[in-house]
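Dear colleague,

I am handing over the structure below, and after it I set out what was found in it. Please read the notes with the coordinates open beside them.

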Amino acid sequence: MTALQAELQARPRGLTINVAAVLIFGALAVLILNPIFGPLSALGFLACGLALIGLRPRTSLNHLLTYWYVLILPAYCLASMLWSQFPAVTLRHGLQLLITMAIAVVIANRISPVMLMRYLFGIYGIGVVGSLLFGRVRDDIGAWVGIFGSKNAFAAVISVFILASFAVLIDRSSPRLMRLAAVGGLVISGPLLVLAQSTGAIIVMLVALAVAVLIFVSRRVSRVQRVVLACFGALACALVAIFLNVYGDALFSELLDYSGKDTTLTGRTDLWDYGRHLISQNPLLGVGYQAFWVQGFNPAEALWADFGIQARSGFNFHNTYISNGVEIGIIGLVLQIAILLAALMLNLVWAFRSPSPANGFYASFMVMVVGASFVEVAVFFQFSVTSILVICALIYGIQADAAWKAWISSFAGRSNGRPAYQPQSPAYQGHTS
């Protein structure tokens, strides 16, 4: 018997199912396609996520211990029940956030960046197709909301789908049919994003897509040329920042006037001013995680009344930093910003060192999340797929940086030819474990 025959006989016969892959796909799908699953979304996510942890409990525990610092933020949110004005509310939501981020850590260590990117393309694609077939339009302003609850939610789905479609399209290792579907996705997504009438989402997505294109183009230049381009890019950003500091208010007013929005961003500027006032009253610790928008709390009731929110729920400060500053104070805000900036910078550095469709997707995704955080509450809350993807991007960036340092150490000990850099972490081998 030859070695090949022995290997073929040792392989299991029949259909084999990667249980971890199914659980990860299911956990993400029920959150992204929340309008389809409704109240069962959270339960489905918890069931799939906890089953994924239980599938290999010792390995999952090792991953959680390795990336323990990622859980400092949710642990702090949970601890805020000690000074929360609604401790029961903070306890419940804090536990949910801790579990959500723990599952995110495990997901990032059980699936490669490329495979997660493809899963997201497929799941968001289902949402886009469903919106085309069964979507609706808001009666008051005519904005397309698809199958989702609001035009901003629909615009967020379309934006991520555009980035995923572009990444899949340029990924030559992706199946041909998937790349053809990506072409179709890019064709239909642009008009849908315009129909959503979300000016902020369009601007942020265009910037993020430009980053993805630059990363793709940089694959064709040498590392020295990338350094030069990065220096020019940094200089351009500095000049833009100076220009906006001088002429930003005038340009912003013109943009709002062109897009048909009022200068208060539909009352958001007033909301932000009030949020800053609330932060000044509890600057360090805040009022407690998710302990502000609670029925019966007078300041929240007043804002709901002012903005005509009859349901007295589903409202926020439309700014991640102000919203979280009110709830978890400056201490929590620092933890949150550290995660966002680390995920952004690590993925940009990863893309700079070794450009690929995967790190192009995560870098552009982080650019979009950080950009949107100034006008929406993008992260961090329980059962949030954006929060999960931020944690995954952070861990992928950490692993890529560790692989780079290991390569540098290996190269430093060699006297012969320079080896090509390839990430060595199992998470980069293109499979789900």
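H318 is buried, with a relative accessible area of 15%, and this residue sits in the loop between α14 (298-306) and α15 (320-353). Its phi is near 55°, which is a positive value in a residue other than glycine. Please bear in mind, here and throughout, that this is a predicted model.

As for the chain as a whole, it has 17 helices and two strands, and 46% of its 433 residues count as buried. Among the contacts in the chain with a separation of 6 or more, 72% are accounted for by residues 24 or more positions apart.

The largest nonpolar core holds 99 residues, of which L116, Y124, F361, Y362, M366 and V390 touch the most other members. Helix α17 (residues 385-412) gives the most to this core, with twelve residues. If residues up to four places away in sequence are not counted, Y124 touches I32, V157, V160, F161, V385 and L389. There is also a second, separate core of 15 residues, which includes W272, F292, W293 and L303. As general background, nonpolar side chains in soluble globular proteins tend to be buried together.

Two helix pairs may interest you. In general, two packed helices are described by the angle between their axes and the distance between the axes. For helix α13 (residues 268-281) and α15, the axes come within 9 Å and cross at roughly 30°; angles under 35 degrees count as roughly parallel, and α13 and α15 are therefore roughly parallel to each other. Their crossing is left-handed. On the α13 side the contact is made by W272, G275, R276, L278 and I279, and on the α15 side by I322, G325 and V326. The residues of this contact divide into five nonpolar, two polar and one charged.

How do the axes of helix α11 (residues 199-218) and α16 cross? They come within 8 Å and cross at roughly 155°, and since angles over 145 degrees count as roughly antiparallel, that makes α11 roughly antiparallel to α16. The crossing in which α11 passes α16 is right-handed. From α11 the contact is made by V204, M205, V207, A208, V211, A212 and I215, while α16 brings N359, G360, A363, S364, V367, M368, G371 and A372. The residues of the contact of α11 with α16 divide into eleven nonpolar, four polar and no charged.

Turning to the region around α9 (151-170), V168 lies in this helix and is buried, with a relative accessible area of 0%. Leaving aside its neighbours within four places in sequence, V168 is in contact with M117, F121, S174, M178, R179 and A182. The C-alpha atoms of V168 and A182 are separated by 6.4 Å, the two residues being 14 residues apart along the chain. D171 is found in the loop between α9 and α10 (176-195), and D171 is buried as well, with a relative accessible area of 7%. With neighbours within four places in sequence again left aside, D171 is in contact with V114, M117, R118, R179 and P357.

Finally, which residues of helix α6 (residues 72-79) are buried? They are L73, P74, Y76, C77 and L78, and what covers them includes α7 (87-110) and α15. A338, which is found in helix α15, is partly exposed, with a relative accessible area of 44%. A338 and L73 are 265 residues apart in sequence, and 9.8 Å apart in space, C-alpha to C-alpha.

With best regards

Definitions and conventions:
Residues numbered from 1 in each chain as written. Predicted model: local features only at pLDDT ≥ 70, side-chain atom pairs only at ≥ 80, totals over all residues. Heavy atoms only, no water. Core = buried A, V, L, I, M, F, W, Y, C linked by side-chain atoms within 4.5 Å. Buried < 20%, exposed > 50% of the residue type's maximum accessible area, 1.4 Å probe, protein only. Helix = DSSP H or I, 4+ residues; strand = E, 2+ residues; numbered from the N terminus. Contact = heavy atoms within 4.5 Å. Axes fitted to C-alpha atoms, helices over the stretch in contact; angles between N-to-C directions. Parallel < 35°, antiparallel > 145°, perpendicular 65-115°, else oblique. Left-handed = near helix turned anticlockwise from the far one by under 90°. Nonpolar A, V, L, I, M, F, W, Y, C, P; charged D, E, K, R; others polar.
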